[in-house]
Amino acid sequence: MNISWIYLLIASLSEALWLFAVKFMDVKAVKAMGWSGFFHDPLHAKPLLPFLGYAVFGAGNVIFLSMSMRTIPASTAAAVWMAVALVSAKLIDTFWFKEPLSGVQVLWFAFIIVGVVGLNLTGASLPGHSS
């Protein structure tokens, strides 16, 4: 396996985690946070964690995606990146946050995966394609 594919997987997982960082950002909680106790009680800074996740996972996403696209065509990288991020986000929703998962949703996610695999396989058979 080419290292670029590992970079793409890291970028995809970073994107999924970034999505949850955005979900839990609470500007009101940060505004209400008294900065005077910030250094005395580490748990006092808990509302800042989603913002830290936003920065770290967002940067990781962009850095690893750009590194993967040095050898993977942009269209293939984008398709795989988004598919892995979507499936990962749904798995996190289902198993961590106990959101329901229906058979129809599984079917649509299977279509996404089949589409990405198909794009990758047909791209590999094109002349001049190196993945």
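This is a predicted model: local features need pLDDT of at least 70, side-chain atom pairs count only at pLDDT 80 or more; totals for chains, interfaces and linings use all residues.

Modeller: Residues are numbered from 1 along each chain as its sequence is written, and side-chain values use heavy atoms, with hydrogens and water left out.

Biologist: What pattern does the chain follow when read along the sequence?

Modeller: Helices (H or I, at least four residues) and strands (E, at least two) are taken as DSSP runs, numbered from the N terminus. On that basis the chain has 5 helices and 0 strands. Read along the sequence, the pattern is therefore α-α-α-α-α.

Biologist: What percentage of the residues in the chain is buried?

Modeller: Buried means under 20% relative accessible area, exposed over 50%, and partly exposed in between, with a 1.4 Å probe and protein chains only. The chain has 131 residues, and the buried part of them comes to 28%.

Biologist: Among contacts between residues at least 6 apart in sequence, what percentage joins residues at least 24 apart?

Modeller: A contact here means heavy atoms within 4.5 Å. Of the contacts in the chain that join residues at least 6 apart in sequence, the part that joins residues at least 24 apart is 71%.

Biologist: Which residue caps the N-terminal end of helix 1?

Modeller: Helix 1 has 22 residues and reaches 32 Å from its first C-alpha to its last, close to the 32 Å expected at 1.5 Å a residue, where the expected span is 1.5 Å times one less than the number of residues. At its N-terminal end, a side-chain oxygen lies 3.0 Å from the backbone nitrogen of S4, and the residue that supplies this cap is N2.

Biologist: How does W18 pair with Y54: stacked, edge-to-face or tilted?

Modeller: Rings of Phe, Tyr and Trp (its six-membered ring) pair if their centres lie within 6.5 Å, with planes under 30 degrees apart counted as stacked, over 60 as edge-to-face and the rest as tilted; a search of the whole structure finds 5 such pairs. W18 and Y54 are 5.6 Å apart centre to centre, with 35° between the planes, and the pair is tilted.

Biologist: Why does that pair tie together parts of the chain that are 36 residues apart in sequence?

Modeller: W18 is partly exposed at 23% relative accessible area, and Y54 is also partly exposed, at 38%. Besides Y54, W18 is in contact with F57 and G58, leaving aside its neighbours within four places in sequence. The pair ties together these parts because W18 lies in helix 1 and Y54 in helix 3.

Biologist: With which side chain does the side chain of N61 make a polar contact?

Modeller: N61 is found in helix 3 (residues 49–68) and is buried, with a relative accessible area of 8%. A polar contact is a pair of N or O atoms within 3.5 Å; within protein, one must be able to donate a hydrogen and the other to accept it, and residues adjacent in sequence count only if both atoms are side-chain atoms. At 2.5 Å, the partner of the N61 side chain is the side chain of E15.

Biologist: Which backbone oxygen does the side chain of K98 reach?

Modeller: K98 lies in the loop between helix 4 (74–95) and helix 5 (103–124), and is exposed, with a relative accessible area of 66%. Although K98 is not a glycine, it has a positive phi of about 60°. At 3.1 Å, its side chain reaches the backbone oxygen of F95.
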